[in-house]
Amino acid sequence: MTGQAEIRLTLPHHLRNLAGVDKEIRLTVERTERGDVTLAGVLSALEARFPMLRGTLRDPVNGKRRDFVRFFACQTDLSHALMPAPLPVAVAVGRVLLIVLGAMAGG
């Protein structure tokens, strides 16, 4: 079950400004051979559509999430899930928004 899915996501304010987009983005994402939508697929589609975002959410060399970037959906922190892990079905069908946040640190 390959093909495409349309998902919805939102970016932190500074990345929305960089990409020149509104709060919510609708994005067409390639499904895996198993029919899943993955975070890696979402980020690839996002970077293809908005090349200025390359390297802002994940390291371009190893593909890992940047330290101060977090992913949330379905009241779950998806930040530590593996990039090829399937996203929740509600995200994959566009019913639930994938939220990308910039984490803060300091003391």
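Biologist: How many helices and strands are there in the chain?

Modeller: This is a predicted model, and its chain holds 3 helices and 5 strands. Reading from the N terminus, the order is β-α-β-α-β-β-α-β.

Biologist: Nice. Why is the chain said to agree with a compact globule?

Modeller: The rule is 2.2 Å times the number of residues to the power 0.38. For 107 residues that gives a radius of gyration near 13 Å, and the chain has 13 Å, so the two agree. Along the principal axes, the C-alpha atoms fill a box of roughly 45 × 30 × 25 Å.

Biologist: What makes strand 1 and strand 2 a pair?

Modeller: Pairing takes at least two bridges found by DSSP. Strand 1 (residues 4–10) and strand 2 have 7 bridges, in the antiparallel sense, so they qualify as a pair. Within this pairing, Q4 stands opposite E30 in strand 2.

Biologist: And which residues of strand 2 form its covered face, and which its uncovered one?

Modeller: I25, L27 and V29 are on the covered face of strand 2 (residues 24–30), while E24, R26, T28 and E30 are on the uncovered one.

Biologist: What share of the chain is buried?

Modeller: A residue counts as buried when its relative accessible area is under 20%; 42% of the 107 residues are buried. The accessible surface of the chain is about 6400 Å², with 54% of it belonging to carbon and sulfur atoms.

Biologist: How many positive and negative side chains does the chain have?

Modeller: There are 14 positive and 10 negative ones, and the centres of these two sets lie 3 Å apart.

Terms used:
Residues numbered from 1 in each chain as written. Predicted model: local features only at pLDDT ≥ 70, side-chain atom pairs only at ≥ 80, totals over all residues. Heavy atoms only, no water. Buried < 20%, exposed > 50% of the residue type's maximum accessible area, 1.4 Å probe, protein only. Helix = DSSP H or I, 4+ residues; strand = E, 2+ residues; numbered from the N terminus. Areas by Shrake-Rupley, 256 points an atom, 1.4 Å probe, with all protein chains shown as cover. Lys, Arg positive; Asp, Glu negative; His and termini not counted. Charge placed at Lys NZ, Arg CZ, Asp CG, Glu CD.
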